[in-house]
Amino acid sequence: MAPPSAATRRKLQRKFRLRGFTLKVDALEEAAAFLDRFPEAEDEALDLLLDELDKEPLQSSILDRDAVRRVVALLVEAEEAVDAASPALASARSALRVVDAFLVPRFHFDPIKKVFYEHTGRLAIHGEAGDKASLYRDRYQVLLQRLSRDRYFSKPAFDTVVTEDGSCEITSIQSLIGCTGRRWIMGVISQLEERQFYLEDLTGAVNTCGFPPLEDREASLSMLMGLDFFGGGVIPTEETLRLSALEKKAVNDMFVILSDVWLDSPETMEKLAVVLDGYDSVEVVPSLFVLMGNFCSRPCNLAFNSFEELRMQFGKLGEMIAARSRLKEHSRFLFIPGPDDAGPSKALPRCALPKYLIEELQKHIPNAIFVSNPCRVKFYTQEIVFFRQDLLYRMRRSCLIPPTMEETSDPFEHLVATITHQSHLCPLPLTVQPIIWNYDHCLRLYPTPHTIVLGDKSEQKAFKYTGITCFNPGSFANDSTFAAYRPCTKEVELSALEG
C-alpha cells in the first residue's frame, strides 16, 4: 500500500487532535488505509471511525496501530454484512430519494454567530413585501459567508507582511466613505436608475462589478455541521457509509432523461415508443426514466378541451409504458413539468402537474412520480438537481457584460459557470423570471450538488466543471435527442434517434 499523502496526514492529525487523540505513525497509516476504502466518502468514514473510537475503553489518548485496527475491523465486518444483504432490498429501501422543491428545508445565515439556522415557521406562497427583501438578503448572505472563507478574500490571521498577491478582504460599501486606495466589496447588481447599474450590498451601492469565486463542495459541507440543505432528511454517518459502499457497486444503474416530450404530437409519441422499445430489450433496463416538459406542443391554457386532451394523452402514455412489461416492473418514471405546462402560475418553483391530468396515467403506472420543477434526486449519497427551463436563451438576453472568451466560447459552459458561482439555478431579475419569494431557497445550488441536469431546448451538451457534472439532454420533440446518465461513474451519454 502506498504511504498516505501529506494532505491526508494533515487531515487525519487535525481531525484526531480535535477529538483529543494523538496518532502514532503506524496508527495514522492504519487510519489512512481505512479511508482508502471509501474514496467518495472520506469525511463520513473518518467521522464514523472517530465516533467508534470515542466508545472504546482506551487507556491512553495516544493511539497506536492496534487500537485503530480493532475499530477498523469492526467497521469492515459491518460493511461485509451489508454486502451479503439482498441488493434488491437495499435498492428499494434507500437507493432513490426524490425531493419536491416545496419540501426543501430553508436556512438563514446569522452573520454575527456565523452559523446557519433552519426556518421553522410556515412559508406562505403569497409573501409580503419583507419576503422579497429577504430573498435578496439570503442570497447575498449565502455567497458572502462562502466568499469569506476564500483565501484570497479573507483577512490574514497575522496581518504583518502583505503577500505578493495582496489582501483582498471584503469591505462593506458603507465603510468606503473617507477611504482611499483600492477596496474589495461584494453585492448584488441592481438598476437604481435608467441605464445605470450598481453593485449594492446591505449598506449602500457603487457602480462597479465582479464575480464571486466558487467553493469546493467538501469545504461547504464541513461548515454546515450536518444540516440538511439538500432535503430528504439527515442521514446518520453509519448509513452514509453504508450507502456509499452500495453506490460503488451500482454499476448497472442508469437514468434516461428526455426533455420536451410532446404528448399531443404523434411524431413525438412514435419516437418515444422507439426509445422505450430499445431500453426494454437491453439486458439491464434503466432504473429511472426522467420525462421533462413541456408535455404539450403549445402553451397549455385553462380551456377545458386543452386539459381533457392532455389528460387522455397521459393515458395513452401509461398504456405505452405498461405494454413494456420489463420497464413497468423494474423502472421508475419521474415527471417534471416544463415552463409552458399546466399550473397555477409561471413563477418558480413550479408545482407538480395537476392531479386531474395524471389520473389516467396512474391507472397504468401507479408508482409514477410527479414532482415540482426544479426537483432534487438523491441516489444513495449522490445529489442530483433537475431543472427544466429554457435558461440559456434568457440568460444571454439578460447579459450585462459579455463573458470572456479566453477559456471557452461555448455558451453552455458560460451558463454552467454562472449558475454555480452564483449558487443559484436562475439568477435572473424577478421581472424576467418571477420566483415565489419564500421559496427562492429551493433554487439554490449550495452546497454544489454532484450533478446538474438543465433541460433546455438548445443544443444538447455535457460539461464537467470543477468536479460538477452538468448536461442538457436537448429537445426530444425538436431534435430527437436525449441523454443517459450513469450515476456510479457520473458518465453522460448524449444520444439521438437516427433520421
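Does D260 count as buried or exposed, and at what relative accessibility? At 4% relative accessibility, D260 counts as buried, where buried means under 20% relative accessible area, exposed over 50% and partly exposed in between (1.4 Å probe, protein chains only). The model is predicted, so local features need pLDDT of at least 70 and side-chain atom pairs count only at pLDDT 80 or more, while totals for chains, interfaces and linings use all residues. Residues are numbered from 1 along each chain as its sequence is written, and side-chain values use heavy atoms, with hydrogens and water left out.

D260 is found in the loop between β9 (255–259) and α9 (266–280); helices (H or I, at least four residues) and strands (E, at least two) are DSSP runs, numbered from the N terminus. Although not a glycine, D260 has a positive phi of about 65°. T466, in the loop between β16 (461–465) and β17 (468–472), also is not a glycine and has a positive phi, of about 45°. At 55% relative accessibility, however, T466 counts as exposed.

One joins G293 and N294, with omega about 10°, and N294 lies in the loop between β10 (288–292) and α10 (304–322). Another joins L348 and P349, with omega about -5°; P349 lies in the loop between β11 (332–336) and α12 (355–364). Most residues other than glycine have a negative phi, and most peptide bonds are trans.

Turning to helix packing, the axes of α1 (residues 6–18) and α3 (residues 42–55) come within 11 Å and cross at roughly 40°. Axes are lines fitted to C-alpha atoms, for helices over the stretch in contact, and angles run from 0 to 180 degrees between N-to-C directions. α1 and α3 are therefore oblique to each other (under 35 degrees counts as roughly parallel, over 145 as roughly antiparallel, 65 to 115 as roughly perpendicular and the rest as oblique). K11, L12, K15 and F16 in α1 meet residues of α3 including L46, L49, L50 and L53, contact meaning heavy atoms within 4.5 Å.

α3 also packs with α8, at an angle of about 135° and with the axes 9 Å apart, and this pair is therefore oblique as well. The contact is made by E44, A45, D47, L48, D51 and E52 of α3 and T237, E238, T240 and L241 of α8. Among the buried residues of α8 are T240 and L241.
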